[in-house]
Amino acid sequence: ADGPLVLGIETSCDETGVGIVRGQTLLADVIASSVQEHARFGGVVPEVASRAHLEAMIPTIDAACQRAGVRLRDLDAIAVTSGPGLSGALLVGLASAKALALALDKPLYGVNHLASHVAVDIVEHGPLPEPTAALLVSGGHSNLLLVPDITNDIRSLGSTIDDAAGEAFDKVARVLGLPFPGGPHIDRVAREGDAAYVTFPRGLTSGRDMERHRFDYSFSGLKTAVARWVEARERDGQPVPVADVAASFQEAVTDVLTRKAVLACREHGVDDLLIGGGVAANSRLRAMAQERCDAAGIRLRVPRPGLCTDNGAMVAALGAQLVERGRAPSDLAIPADSSLPV
Ligand code: KG4
Ligand code: ZN
């Protein structure tokens, strides 16, 4: 393989990710997650995440170099997530990347977390067709993007106006008595359920709401509807059909996500759709997206689940694109920006 040798560091949430790529080839992707430390709180605790990043950083960098069979001094550049994400968590990654760049005298590239969720598919499925539409769905974000150029032109078509899709999965899982993070558990139990058991609301899909929020999402009303439905059952002393409710909820989320993503492709004349973020691991979302893309003549790209969730490879992949296309490195004073726009 050829191309620039880039190390990427990701610490925007609860995974400490270090990836190494050469050009478009993935050499190593090592992740240390603090997710189990957050489980008893039912959500990610920023302070706990920051401390975990600090402890995991050096061992994770060492492991990635070892796995890739490279030495730090051979790197061509260091890339790091500068936002959006949890401030304290981002600071640990940025400080580490700056230290490496300074000590090794290598260029530093601060990258956008959402852009790198898109870029990671390059190491999985090859060069990104441009423009591409991207649906990014995770515990922290739900965005519909138009990507004319992954290195310097990404447009936001829409995003969630309340909860992220993964957040809705996690909250509904909690209502159903399933462990955190709930997405994978809902996915699993829903396989045995009837997706047509309850018709839950599809937010922002009709009337004025759809006009005003054509490519935006809303999941908090859905989450509340599921909670009310379950409460009513319990009040009546009836058993809750967990699999059926999980399947019906999942159907509502994936229906809205895929419907608007395909509509965005059609209206913007885009033939390629990429889905990323932790929720892209959802089996129903993958199946429905494939069906609807096939029907609309759209090519669908979904990285393997391990590259959909937060990782260092995505940062390294975008860093390599920035180097290859001759983009200027970041200033070493680059700040963490918790609400960095795309
Ligand atoms: O991208 P990610 O690892 O971290 C961020 O939130 O940035 O995404 C984690 C989210 C969690 O909300 C988790 O419940 C959800 O992705 N998730 C899933 C599945 N696997 C992970 N949601 C639905 N179905 C899944 N199979
Ligand atoms: Zn993410």
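Student: Which residues does Leu 136 touch, not counting residues up to four places away in sequence?
Tutor: Leu 114, His 117, His 141, Asn 143, Leu 145, Gly 276 and Gly 277. Contact means C-beta atoms, placed from the backbone, within 7 Å. This is a predicted model: local features need pLDDT of at least 70, side-chain atom pairs count only at pLDDT 80 or more, and totals for chains, interfaces and linings use all residues. Residues are numbered from 1 along each chain as its sequence is written, with chains lettered from A and ligands numbered from 1 in the order in which they are written.

Student: Is Leu 136 buried or exposed?
Tutor: Leu 136 counts as buried because it has 27 C-beta neighbours inside 10 Å. The cut-offs, for other C-beta atoms within 10 Å: buried at 20 or more, exposed at 12 or fewer, partly exposed in between.

Student: And where does Leu 136 lie?
Tutor: In strand β6, residues 132-137. Strands are DSSP E runs of at least two residues, helices H or I runs of at least four, numbered from the N terminus.

Student: What about Ser 138, where is its place?
Tutor: In the loop between β6 and β7 (142-149). Ser 138 has 25 C-beta neighbours inside 10 Å, so it is buried. Beyond four places in sequence, its contacts include Gly 277 and Ala 164.

Student: Zooming out, how many helices and strands are in the chain?
Tutor: 13 helices and ten strands. Buried residues make up 54% of the 342 residues.

How values were computed: Contact = placed C-beta atoms within 7 Å.
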